[in-house]
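This note is written for a student who is reading a protein model for the first time. Please keep the sequence and the structure in view while working through the numbered points.

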Amino acid sequence: STQSTWEAVVSTQSTWEAVVSTQSTWEAVVSTQSTWESRNIGISTLTKRINVTRGIGGLRVYARLNSSTSSQVPPQRPPVTVDREFPDPFKAKKQNRRYFLAYGLGVTLACAVIFNYEKTTSPIINSVMYFLRRSQNAKQLLGEDIGFKNSWPWIWGTLNTVRGDIDIEFAVQGSQNTGKLKLKATRESKLHPFDIHHWILQINDAQKTQINLLEDASVEFGL
């Protein structure tokens, strides 16, 4: 009987030790959970602080941009108002037509003057005048100092070296007489020289004398 009692005591002690061990394990788990919760609270607090800091920085940047933009915006001006009625463009039709015709005529004359100036400064005209001054037949009829008749010469006809079409005439003069020079030449392309059809000098006299400068042996005219 005493042995049985002692075995019961030993069993009770083992059970108590198991309970104590379980309690210690539970306390360790609770301690670990508390530590993890404290870490989570610290991380959450740190995240909130970072977000608050970013928000404050963004507000500062926005405030700076807003202040700089507002300082660059020019002040608004009051709208322009007209206190009188606009004129009727169809009220004076005849007068407007005259103005339009005068404007069109002026533009046409200006374009003609510009195109004529381009002709007078063309290398073709310079070459023609060079050979004309060297022609002995032209000197006999016009005299020395051969040149344009007017200080602002007018070149009549077509002078288009791109298409290879030249058909011009203009007034010339010398120390003895005046005349008109006529030239006509064509070419197939830029790789070919001009084919001269005629180069004529007409003198302004009673007989309207004409000479073919291509037959003048003193010059070898070519373009």
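Leaving aside neighbours within four places in sequence, which residues is Leu181 in contact with? The third point below gives the answer.

1. Basis of the note. The model is predicted, so local features need pLDDT of at least 70 and side-chain atom pairs count only at pLDDT 80 or more, whereas totals for chains, interfaces and linings use all residues. Residues are numbered from 1 along each chain as its sequence is written, and side-chain values use heavy atoms, with hydrogens and water left out.

2. Overall organisation. The protein has 4 helices and 6 strands; helices (H or I, at least four residues) and strands (E, at least two) are DSSP runs, numbered from the N terminus. Along the sequence, the pattern reads α-α-α-α-β-β-β-β-β-β. Of the 223 residues, 18% count as buried; buried means under 20% relative accessible area, exposed over 50%, and partly exposed in between (1.4 Å probe, protein chains only).

3. Contacts of Leu181. Apart from neighbours within four places in sequence, Leu181 is in contact with Val128, Leu132, Ile168, Glu169, Phe170, Val172, Trp199, Ile200, Leu201 and Leu213. Contact here means heavy atoms within 4.5 Å. Among contacts in the protein between residues at least 6 apart in sequence, 50% join residues at least 24 apart.

4. The nonpolar core. A nonpolar core is a set of buried Ala, Val, Leu, Ile, Met, Phe, Trp, Tyr and Cys residues joined through side-chain atoms within 4.5 Å. The largest one has 27 residues, of which Leu132, Phe170, Leu181, Trp199 and Leu201 touch the most other members. Two or more residues come from each of H3, helix H4 (136-142), strand S3 (165-173), strand S4 (178-186) and strand S5 (195-203). H3 gives the largest share, 6 residues. In soluble globular proteins, nonpolar side chains tend to be buried together.

5. Helix H3. Helix H3 (residues 123-134) has 12 residues and, at 1.5 Å a residue, should span 16 Å; the end C-alpha atoms are 17 Å apart, which agrees. The expected span is 1.5 Å times one less than the number of residues. Its buried residues are Ile124, Ile125, Val128, Met129, Phe131 and Leu132. Seen down the axis of H3, these buried residues fall within an arc of 165 degrees, so they line one face of the helix; the arc is that of the directions from the helix axis to the C-beta atoms.

6. Salt bridges. The structure holds 2 salt bridges, each defined as a side-chain nitrogen of Lys or Arg within 4 Å of a carboxyl oxygen of Asp or Glu. In one, Asp167 pairs with Lys184, and the closest N and O atoms are 3.9 Å apart. Asp167 is in strand S3 and Lys184 in strand S4, 17 residues apart. Asp167 counts as partly exposed because its relative accessibility is 36%, and Lys184 does so at 28%. In the other, Lys180 pairs with Glu169, with the closest N and O atoms 3.7 Å apart.

7. Strand pairing. Two strands pair if DSSP finds at least two bridges between them. S4 and S5 pair in the antiparallel sense over 8 bridges, and the bridge partner of Lys184 in S5 is His198. S5 is joined to strand S6 (residues 210-212) by 3 bridges, and the two run antiparallel. Leu201 stands opposite Ile211 in S6. S5 and S6 form a hairpin with 6 residues between them, and Lys208 in the turn has a positive phi of about 55 degrees.
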